[in-house]
Amino acid sequence: MNKNDVLEAIAHNDTLEGLDLSGIDLSEADLTGGRFWNTNLTGANFTKANIQKTGFKNVILREAKLHEVDLTRADLRGLDMAGASFDGATIFMTLFSDADLSDANFSGANVRWVVMQKTKLHRTNFRKAIVEKALLQEADLNDTDFTDADMTRTVFMSTDLRTTIFTNVKFFKCVIRECNLSAMDLRGIQFNTVLADGADFSDADLSGCDLTMSNFMNAQLDRAKLVDVTAPNAMFMKARLPMADMRRGNFTQAFFGEADLSDADLRKANLHTAIMSKAILQRTQFTSSDCQYADFSHADLSFADFSDTKLYMAKLHRAITKDTFFNGSKDVMLRGHDPDLAEAEDFTPPE
């Protein structure tokens with residue numbers, strides 16, 4: 001069966017079912033209204049073909065060429081498309097859920113508003129792609145390559161990302177909630193306004209990353225490297241950061257309420273106006289850091305080291321300061337225990 005036979009079948013409203021059309025050349029063909037069911041289209045060439053309103057059911061599209069094809073609103077759920085290439089394709093509001101896109105090539109493509117939920121993306125190439133508002137929840141992203149990709153409002157919920165390649169990726173307003181990124185090399189990546197609550201970054205290297213306004217609430221950052229990060233207004237509420245290396249990081253106005261930063265290294269960090277209320281800061285190193293106007297209310301500062309630290313107007317209301325070191329710290333106007341505030345905190349309304 002050749003291209004003309006396929007076009008004739010579509011013209012007669014016939015369903016193309018149970019056929020072996022592997023390697024067929026359907027380039028520039030108008031397949032509008034066609035129905036391909038239980039058909040083998042391995043290696044088929046769809047370059048510049050019109051597949052709008054074309055139905056694919058239980059079809060094999062392995063290594064198919066979908067170059068410069070408009071896939072707007074196409075329903076490709078559950079299809080075997082391993083090794084397919086999408087050079088120059090328009091991929092907008094396309095449904096790929098449960099499909100096999102292993103080894104597929106989306107390099108340089110614009111992938112917008114797509115659903116890839118539970119999709120197999122093993123070794124899939126997204127290098128230099130623009131991925132916007134894609135849903136990748138529970139997708140198989142083993143060895144998926146996003147090098148130099150621009151990720152905007154993309155969702156990676158409950159996904160194992162430990163072998164995913166994110167070299168030089170830009171994340172903006174993305175969701176990586178409860179994902180596993182432990183022990184990954186993420187140096188220099190932009191995580192701007194990212195929702196990473198509950199994610200596992202244990203032993204990961206985030207040195208030099210831009211974490212501006214990102215949310216790491218309840219995240220695991222045990223022993224993580226956050227050296228030289230830019231994280232103003234970042235949220236670390238109840239996060240685990242024991243033994244984290246946070247030297248020279250910019251954490252101005254960041255929130256660490258109830259976080260565990262025991263044994264963390266914050267030497268020379270900028271914590272100006274940061275909030276660390278009720279945080280565990282046992283043996284934490286603050287040497288030569290800027291903690292001006294920082295709030296340590298109710299924090300456990302046992303054995304913490306504030307040597308040569310700027311503490312102007314820092315607040316230590318009801319903080320535990322057992323064996324805390326303040327040698328050489330600039331503690332002018334340091335705000336300690338506030339009796340009036342303590343009375344208000346202890347107030348119990350009459351029954």
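Tutor: Here are some points on its core, ring pairs, strands and loops.

Student: Ground rules before we start?
Tutor: This is a predicted model: local features need pLDDT of at least 70, side-chain atom pairs count only at pLDDT 80 or more, and totals for chains, interfaces and linings use all residues. Residues are numbered from 1 along each chain as its sequence is written, and side-chain values use heavy atoms, with hydrogens and water left out.

Student: Which residues touch the most other members of the largest nonpolar core?
Tutor: Phe46 and Phe86, in a core of 108 residues. Helix α1 (residues 3-11) gives the largest share of this core, 3 residues. A nonpolar core here is a set of buried Ala, Val, Leu, Ile, Met, Phe, Trp, Tyr and Cys residues joined through side-chain atoms within 4.5 Å. Helices (H or I, at least four residues) and strands (E, at least two) are DSSP runs, numbered from the N terminus.

Student: Is phenylalanine 46 buried or exposed?
Tutor: Buried, with a relative accessible area of 0%. Buried means under 20% relative accessible area, exposed over 50%, partly exposed in between (1.4 Å probe, protein chains only).

Student: What is phenylalanine 46 in contact with?
Tutor: Leaving aside neighbours within four places in sequence, its contacts (heavy atoms within 4.5 Å) include Leu26, Leu41, Ile51, Phe56 and His67.

Student: How many aromatic pairs are there?
Tutor: The structure holds 25. Phenylalanine 46 and phenylalanine 56 make an edge-to-face pair, with ring centres 6.3 Å apart and planes at 80°. Phenylalanine 46 is in the loop between β2 (35-37) and β3 (55-57), and phenylalanine 56 is in strand β3, 10 residues apart. Phenylalanine 126 and phenylalanine 146 are stacked, at 4.9 Å centre to centre and 10° between the planes. Rings of Phe, Tyr and Trp (its six-membered ring) pair if their centres lie within 6.5 Å; planes under 30 degrees apart count as stacked, over 60 as edge-to-face and the rest as tilted.

Student: Where do phenylalanine 126 and phenylalanine 146 lie?
Tutor: Phenylalanine 126 is in the loop between β5 (110-112) and β6 (130-132), and phenylalanine 146 is in the loop between β6 and β7 (150-152). The pair therefore ties together parts 20 residues apart in sequence. Both residues are buried.

Student: Switching to strands. What order does the open sheet of 3 strands have?
Tutor: The order is β1-β2-β3, with parallel pairing. Two strands pair if DSSP finds at least two bridges between them. The edge strands are β1 (16-17) and β3, each pairing on one side only. Glutamate 17 stands opposite tryptophan 37 in β2.

Student: What sits over the ring of tryptophan 37?
Tutor: The charged end of lysine 57, 5.1 Å from the ring centre. The criterion is NZ of Lys or CZ of Arg within 6 Å of the ring centre and within 35 degrees of the ring normal.

Student: And serine 207, where is it found?
Tutor: In the loop between β9 (190-192) and α2 (339-346). Serine 207 is buried, at 17% relative accessible area. Its side chain makes a polar contact of 2.7 Å with that of aspartate 205. That term means a pair of N or O atoms within 3.5 Å; within protein, one must be able to donate a hydrogen and the other to accept it, and residues adjacent in sequence count only if both atoms are side-chain atoms.

Student: Last one: what is phi of asparagine 218 near?
Tutor: Near 65°, a positive value in a residue other than glycine. Asparagine 218 is partly exposed, at 43%.
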